[in-house]
Amino acid sequence: MLFVGQDTSIGNMGYGFSRLDSASRLLDGSSSSDEIRASPRINRQLHSVDHDIAQLTRLQSPQENFSLTRPGKREYPVSVVTMLAGREANLFKRGRFSPGDCRHVLSKYLPVNGPWVVDQMSTRAYVSQFSLDGSLFMAAFQGSQIRIYDVERGWKVRNNILARSFTWTITDAALSPDKRHLVYGSMSPIAHIVNVGSAAKESLANNNEHECLDFTSPEDGGFAFGMFSLKFSTDGREIVAGSNDDDIYVYDLEAKKVSLRTTGHGSDVNTVCFADESGHLIYSGSDDRAIKVWDRRCLRPNGKAAGILKGHLEGITFIDSRGDGRYLISNGKDQAIKLWDIRKMTSKHPYYIYPLHKNPEWDYRWMDYPSQARELKHPYDQSVATYKGHSVLRTLIRCYFSPEYSTGQKYIYTGSHDSCIYIYDLVTGAKVAKLKHHKSTVRDCSWHPSYPMLVSSSWDGDVVKWEARGGGEAPAPANKEILRRRHFY
């Protein structure tokens with residue numbers, strides 16, 4: 001119903017804004033034919049995703065749907081100037097932009113300018129994420145250091161935390177939804193949660209309280225496993241975790257104990273996340289090449305998954321949920337991102353592990369992907385779409401949907417081993433931007449939830465921000481490519 005409402009608003013906008021047709025073109029300094037050439041309609045493009053998510057994306061990010069029409073005239077996209085004039089004239093009796101209007105305006109501005117250096121560290125950056133409201137930014141480094149920056153106060157370092165009892169590196173870290181707590185883990189069965197408090201509890205020293213979260217049980221027999229993935233639930237009361245002992249955990253922060261543990265996969269569980277705000281569904285991805293969907297309402301300890309999604313030819317490094325309990329994307333060591341619809345999952349299938357005909361000694365941690373494997377396809381691929389162009393080597397590189405508020409989740413973006421950040425159009429599969437600055441692998445990146453700003457972190461120790469247009473300071477030397485070709489794999 002929400003999407004239908006936005007669609008109706010789009011139609012009304014086209015009718016109302018036709019009265020501002022001539023004025024807007026004069027103000028924009030462009031003709032209608034120029035705008036048509038610059039902004040082709042998605043539904044006229046070839047090689048698009050032929051699926052429900054394509055329509056949902058168009059309705060959520062109506063940039064391509066806003067158009068002006070007059071009898072006997074060709075249609076062309078509504079410009080920002082036209083929209084501003086319509087708001088000032090109060091054509092729709094709202095006196096403000098609707099969420100769809102905001103997405104239309106903001107989605108025109110990709111964060112591709114810059115970058116501006118936020119921080120430079122002497123060790124590799126492994127994790128970097130905005131808080132849910134975008135007011136804070138967290139970055140975790142291999143040298144045991146975690147920094148939280150105050151975005152609204154000029155990226156001032158708000159907390160400088162030294163990880164305790166960590167092994168090798170900080171494998172994952174996450175801020176709680178209320179921004180009061182930070183959880184981090186390493187190659188150890190003990191994770192830690194830190195009270196980072198409010199602005200009144202700023203800490204540049206390491207005087208924060210670190211509380212241990214013990215994921216072990218007597219049945220482990222002293223086996224020391226490590227945590228690859230940690231994610232908060234929407235209400236902040238639980239943490240879901242994936243480990244290299246092939247298990248999936250749910251930790252209850254109020255009860256201070258593991259509330260669920262199940263053997264989820266046949267190899268390392270590299271990534272886990274909650275599917276939506278209900279917390280009932282969990283997605284997991286593993287080196288066994290399978291994505292599994294778990295329904296906690298009917299899951300017993302060491303029970304079976306509700307369904308399996310197959311299609312990757314190599315291990316899965318990261319999963320990001322669209323937040324609707326239906327769609328997700330995954331990054332794979334087969335050098336591809338895949339888009340999934342859980343309605344296509346199977347509960348039982350003998351072929352979800354596909355035997356690859358390749359060199360069994362290949363290891364993504366120090367070897368390039370075999371050229372003969374690049375054209376292989378899974379014979380039982382259940383994914384909706386596949387996106388290629390970036391490189392997933394050396395580490396568990398992450399990918400995400402772009403923000404709902406500012407883009408309608410119409411893009412997918414990812415780090416890459418080739419030191420770049422890639423942005424793909426979800427519907428067309430086009431590689432719309434490739435950002436160059438870093439000198440080493442970009443493991444993580446994060447798009448601000450409200451503004452056209454993207455922050456990337458790399459193994460070169462740099463944390464930098466990309467914006468839609470430059471600020472007052474000079475950006476760091478960088479190269480960027482805005483690609484207009486329409487490739488879809």
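The model is predicted, so local features need pLDDT of at least 70 and side-chain atom pairs count only at pLDDT 80 or more, while totals for chains, interfaces and linings use all residues. Residues are numbered from 1 along each chain as its sequence is written, and side-chain values use heavy atoms, with hydrogens and water left out.

Start with the sheet. It is open and has four strands in the order S16-S17-S18-S19, with antiparallel pairing. Strands here are DSSP runs of E with at least two residues, numbered from the N terminus. Two strands pair if DSSP finds at least two bridges between them. Strands of a sheet pair through backbone hydrogen bonds, either parallel or antiparallel. At the edges lie strand S16 (269–274) and strand S19 (307–309), and each pairs on one side only. On average, neighbouring strands of this sheet are turned by 20° against each other, direction ignored. That angle is taken between axes, which are lines fitted to C-alpha atoms; angles run from 0 to 180 degrees between N-to-C directions.

Now follow the chain from S16 into strand S17 (residues 281–286). The two run antiparallel and are joined by five bridges. Phe 274 has Ile 282 of S17 as its bridge partner. Val 272 stands opposite Ser 284 in S17. S16 and S17 form a hairpin with six residues between them. In that turn, Gly 279 has a positive phi of about 80°.

The next step leads from S17 to strand S18 (residues 291–295). Again five bridges join the antiparallel strands. Here Leu 281 has Asp 295 in S18 as its bridge partner. Four residues lie between the strands of this hairpin, and Arg 289 takes a positive phi near 80°.

Is S17 mostly covered or uncovered? It is mostly covered, as six of its six residues are buried. Buried means under 20% relative accessible area, exposed means over 50%, and partly exposed lies in between (1.4 Å probe, protein chains only). In a regular strand the side chains alternate between the two faces of the sheet. In S17, Leu 281, Tyr 283 and Gly 285 point one way. Ile 282, Ser 284 and Ser 286 point the other way, and all are buried.

Turn now to charged side chains. How many salt bridges does a search of the whole structure find? It finds 19. A salt bridge is a side-chain nitrogen of Lys or Arg within 4 Å of a carboxyl oxygen of Asp or Glu.

One of them joins Glu 254 and Arg 237, with the closest N and O atoms 3.7 Å apart. Glu 254 lies in the loop between strand S14 (247–252) and strand S15 (257–263), and Arg 237 in the loop between strand S12 (227–232) and strand S13 (238–243), so the pair ties together parts 17 residues apart in sequence. Glu 254 is exposed, at 60% relative accessible area. Arg 237 is partly exposed, at 49%.

Another salt bridge joins Asp 245 and Arg 261 (3.1 Å, N to O). Asp 245 is in the loop between S13 and S14, Arg 261 is in strand S15, and they are 16 residues apart. Asp 245 is buried, with a relative accessible area of 14%.

A further pair is Arg 394 and Asp 368 (3.5 Å, N to O). Arg 394 lies in the loop between strand S23 (385–388) and strand S24 (399–401), and Asp 368 in the loop between strand S22 (336–341) and S23, so this pair ties together parts 26 residues apart in sequence. Arg 394 is partly exposed at 22%, and Asp 368 is exposed at 54%. Salt bridges that share partners also join Asp 172, Lys 231, Arg 398 and Asp 444 into one network.
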